[in-house]
Amino acid sequence: MAALLRGLRAGRALRGLSSVVAAPTATNPQCGSLRRGFHCAGLRLQDESKSDKPPSSTSSSTTYHEHYQARSAEQDTAASASDPAADQSTNPNTSYQDQSGEQDEEYETEEQLQARILTAALEFVLLHGWSMEAIAAGAESLGLSSASTGMFEKGSGDLVLHFIAQCNAQLTEILAEQHNQVQLGQAEPKKTADFIRDAVETRLRMYIPYIETWPQAMSLLMLPHNIPDSLKHLSTLMDDIWYYAGDRSTDMNWYTKRAALTGIYNTTELVMIQDSSPDYQDTWAFLDNRIQDVVNMATTAKQVQSTGEAVVQGLMGAAVTLKNLTGLNQRR
Amino acid sequence: MQTAALRAFCHWPQSNSTAMIRQCLKCRALTLQQSSRAYGVIPPPRDSEEKEMVHRMLRVDHAGEYGANRIYAGQMAVLGRSKTGPFIQEMWDQEKKHLEKFNEILAENRVRPTALLPFWNIAGFALGASSALLGKEGAMACTVAVEESITEHYNSQIRTLMEKDPERYTELLQVIKEFRDDEMEHHDTGLAHDAENVPGYWLLKNAIQLGCKAAIYVSQRI
């Protein structure tokens, strides 16, 4: 019976292997299978977490929050399942997910393996820069062959994107935690400008360990095949920061706010990489000034609008007065 | 009545226990909330395809209600003080409620609104005002055309959701059905107020409906 199950699993692995080999360059199926894997693990976790959680409060932000926390719980499990080789049962042969979406938790998916290698490679970035050598060194440190760098079609861009995704996830966790504290009444809600400043500062500080090599990373992100992914990461980062800052707008403000924050973030990042002041004080001062600029612009825009409205009303009044004086306003 | 129907869904025998637990929790949550709350209208998406589909639907619905709002605003600007004013005002108030509900849903689920909103702002107002300049019949004809387009659009969304999974999208289906019924009522009101008497009714109606179709197509994507 056990032999039969093992045979079935091997058959499934082979089928998965053949399907992945057939489409080595397509990233979407991989992403889909990754999410299905997370989803299955997540469903089990969601059941447990949701069945004993009471219905939540009336706040609109809590809904998304619950989903986020359930998802982060499942990601923690998946992450711990793919922890560094130290405590995981060594299984260097990666097997691929079968088509039904069921994931056996002893087997690792290709995405998880890639994530493991890239995380390990980050240790070697200061030595080798953001390059294939760093990835090869990372693979070797996990006991894998350095030829596994062949898995990464975008080369060192993959490493940078992985690092950015990691930083974004960390920031979202921090912001979610702060949000929770405010919901529970354990912390005071910050003003929007302060919140944005703290969020951007926290996020940029994650680059400090790699700041020497960061210009290289930024130029890697500018390569045409990396641009879509880096823009996607940037836009999700901006959306997350604004969401936790309390933005719930559903009109053009949605776009203008995110565009403004993108400008602030990108310019501050550029200032940071050539900043030599102690603890990057100049960068944070620059950030403060930029945020203040945006706040001032918003205030000015409001003033202009209300002035405009007052002027229009004045003109309408004048027009009605003229019509009255000339007798055009009489109704018969 | 809504809550009773939802409780019925809760006790519906389902083979998938996870969905049942989620439904029951949503039922409990909904009965504790005010009926205007958008909490729990959209189920948490299972994967990015579903999220994309649902977000697209919500985006275009939001754009549609926003446009309808502006059309009625344009009509009121011209005909507000005539005797059809109160009828247009009533329909406008219902559209305002629809827009409010969609604003809540979008904010709740972090859906990106369409980038063309300023364009729909101006275009809607212009359409409403120019159709009202043709007189009361013109305004009513515009209403008939727009409401017919919107009704058709909501119906196709209802069909899509029913095909996919009616139980999963119960609340969303409820919202869309309710709004669709309101729009049909507006359509009938328009017909009752001599919409068909406007000269060039067929031409006007089809031109407006063509514009609505283009607007829906574009708002889904941008």
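## Exercises on a predicted model

The mean pLDDT of chain B is 84, and 82% of its residues reach 70 or more. These values belong to a predicted model, which scores ipTM 0.77 and pTM 0.71.

**Exercise 1.** Determine what the pLDDT is over residues 24-35 of chain B, and how many contacts this stretch has beyond near neighbours in sequence.

*Solution.* Step 1: over residues 24-35 of chain B, the pLDDT falls below 50. Step 2: beyond near neighbours in sequence, the stretch has 24 contacts in the model.

**Exercise 2.** State into which domains chain A is divided, and describe the contact between domain 1 of chain A and domain 2 of chain A.

*Solution.* Step 1: domain 1 of chain A covers 109-152, and domain 2 of chain A covers 156-316. Step 2: their C-alpha centres lie 30 Å apart. Step 3: domain 1 of chain A contributes 14 residues to the contact, and domain 2 of chain A contributes 14 residues. Step 4: the size of an interface is often given as the accessible area lost when the parts come together. Between domain 1 of chain A and domain 2 of chain A, the buried area is about 1200 Å², with 73% of it from carbon and sulfur atoms. Step 5: the search across this interface finds zero salt bridges, while four residue pairs are in polar contact, both residues at pLDDT 80 or more. Step 6: on the side of domain 1 of chain A that touches domain 2 of chain A, α4 (110-121), α5 (125-128) and α6 (132-141) of chain A each supply at least two residues. Of the elements on that side, α4(A) gives the most, with four residues.

**Exercise 3.** Identify which helices of chain A are linked by the pair D288(A) and R197(A).

*Solution.* Step 1: side chains of opposite charge can pair when their charged atoms come close. Step 2: D288(A) and R197(A) form a salt bridge, at 3.4 Å from N to O; the cut-off is 4 Å. Step 3: D288(A) lies in helix α12 (residues 281-326) of chain A, and R197(A) lies in helix α8 (residues 192-205) of chain A. The two residues are 91 residues apart, and the pair links distant parts of the chain. Step 4: over all chains, the whole structure holds 21 salt bridges.

Notes: Residues are numbered from 1 along each chain as its sequence is written. Chains are lettered from A and ligands numbered from 1 in the order in which they are written. Side-chain values use heavy atoms; hydrogens and water are left out. pLDDT is the predictor's confidence in each residue, from 0 to 100. Contact means heavy atoms within 4.5 Å. Domain bounds come from an automatic or database domain assignment. Buried area is the accessible area (1.4 Å probe) that two parts lose on being put together, summed over both. A salt bridge is a side-chain nitrogen of Lys or Arg within 4 Å of a carboxyl oxygen of Asp or Glu. A polar contact is a pair of N or O atoms within 3.5 Å; within protein, one must be able to donate a hydrogen and the other to accept it, and residues adjacent in sequence count only if both atoms are side-chain atoms.
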